[in-house]
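Okay, thanks everyone, let me get going.

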Amino acid sequence: MTVRPTLSRQALADVRAAVTGYRDATLAGELARGRELLRAARVVADLPGAADAVGPEHRELFGWVLREGITNVVRHARATRCSVVLTAT
């Protein structure tokens, strides 16, 4: 009977670990994360080196958009290349 509590605790720990990264999304962090995720998926990444083109008030929003977009590329697109362009307009 001790297997269930152990399994439950491990499952809870796994869920907590999975959602920890979803609390914050900085554009600079997501650019770095996206570059590594695309590399691991063998997708050639053409991503900006910095987030300077986006105003500070919009960087978190753009970080979330970038996270979702790159996740979709890796999971669903079967892409070989991914390009992201950031502009002020």
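So, which are the buried residues of helix 2? They're Leu 27, Glu 30, Leu 31, Gly 34 and Leu 38, where buried means under 20% relative accessible area, exposed is over 50%, and partly exposed is in between, with a 1.4 Å probe and protein chains only.

Looking down the axis of helix 2, those buried residues sit within an arc of 105 degrees, so they line one face of the helix; the arc is taken from the directions from the helix axis to the C-beta atoms.

Quick housekeeping: this is a predicted model, with local features needing pLDDT of at least 70 and side-chain atom pairs counted only at pLDDT 80 or more, while totals for chains, interfaces and linings use all residues. Residues are numbered from 1 along each chain as its sequence is written, and side-chain values use heavy atoms, leaving out hydrogens and water.

On the face turned away from the buried side, helix 2 has the exposed residues Ala 28, Arg 39 and Ala 40. Helices here are DSSP runs of H or I, at least four residues, and strands are E, at least two, numbered from the N terminus.

What covers the buried side? Strand 1 (44–46), helix 3 (59–77) and strand 2 (81–83) are included in the cover. Leu 31, for one, touches Leu 47, Pro 48, Ala 50, Ala 51, Leu 66 and Leu 86, not counting residues up to four places away in sequence; contact is heavy atoms within 4.5 Å.

And just after helix 2, Arg 42 takes a positive phi of about 60 degrees.
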